[in-house]
Amino acid sequence: MQRKDDSVLEATKAKLKLPPLYRVLLLNDDYTPMEFVVLVLQKFFAMTGERATQVMLKVHREGMGECGVFPRDVASTKVQQVAAYARKYQHPLQCVMEET
């Protein structure tokens, strides 16, 4: 595009900052059955049985385990889905999110 004074305008590209990501974590408790935790990991986080078992054991041994890293809206939805599912089956399983 040329201006009247023959100078050329160059298009500048705006640099977009990526949105922050959030870790979704399951917290250990003494009441939720291990099998239920594995089921939750498979159902809501698309994990294989083997991977879900690994994460469940990490939750059991270390107090928490990471389910995945997502944009805020996705992480928030997953936390709400897990909480509702656990309540439906009367388990105290807690799922939280934290910014990476």
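Because the model is predicted, local features require pLDDT of at least 70 and side-chain atom pairs count only at pLDDT 80 or more, whereas totals for chains, interfaces and linings use all residues. Residues are numbered from 1 along each chain as its sequence is written, and side-chain values use heavy atoms, with hydrogens and water left out.

The protein chain contains three helices and three strands, taken as DSSP runs numbered from the N terminus (helices: H or I, at least four residues; strands: E, at least two). In sequence order, these elements follow the pattern β-α-α-β-α-β. Of the 100 residues in the chain, 30% are classed as buried; here buried denotes under 20% relative accessible area, exposed over 50%, and partly exposed the range in between (1.4 Å probe, protein chains only). The accessible surface of the chain amounts to about 7,400 Å², and carbon and sulfur atoms contribute 53% of this area. Accessible areas were computed by the Shrake-Rupley method with a 1.4 Å probe, and for residues only the protein chains shown count as cover. Among the contacts in the chain with a separation of 6 or more, 71% join residues 24 or more positions apart, a contact being heavy atoms within 4.5 Å.

The three strands form an open sheet in the order β2-β1-β3, with antiparallel pairing. The twist from one strand to the next averages 25°. Strands are taken to pair if DSSP finds at least two bridges between them; β1 and β2 are joined in the antiparallel sense over seven bridges. Within this pairing, E66 of β2 is the bridge partner of L25.

Two helices lie across the sheet strands. Helix α2 lies across β1 and β2 and runs at about 125° to β2. Helix α3, spanning residues 72-88, lies across β1, β2 and β3, at about 135° to β2. For these angles, axes are lines fitted to C-alpha atoms, for helices over the stretch in contact, and the values run from 0 to 180 degrees between N-to-C directions.

A search of the whole structure identified three salt bridges, defined by a side-chain nitrogen of Lys or Arg within 4 Å of a carboxyl oxygen of Asp or Glu. In one of them, the side chains of R23 and E66 meet at 2.6 Å, N to O. R23 belongs to strand β1 (residues 21-27) and E66 to strand β2 (residues 64-71), so this pair ties together parts that are 43 residues apart in sequence. R23 also forms a salt bridge with E98, at 2.6 Å, N to O. This pair links distant parts of the chain, with E98 in strand β3 (residues 94-99) and R23 in strand β1, 75 residues apart. R23 is partly exposed, at a relative accessible area of 26%; E66 is partly exposed at 32%, and E98 is partly exposed at 33%.

A further salt bridge joins E62 and K58, whose closest N and O atoms are 3.0 Å apart. Both residues lie in helix α2 (residues 49-62), four residues apart, about one turn of the helix. E62 is exposed, with a relative accessible area of 55%, whereas K58 is partly exposed, at 39%. Salt bridges that share partners join R23, E66 and E98 into one network.
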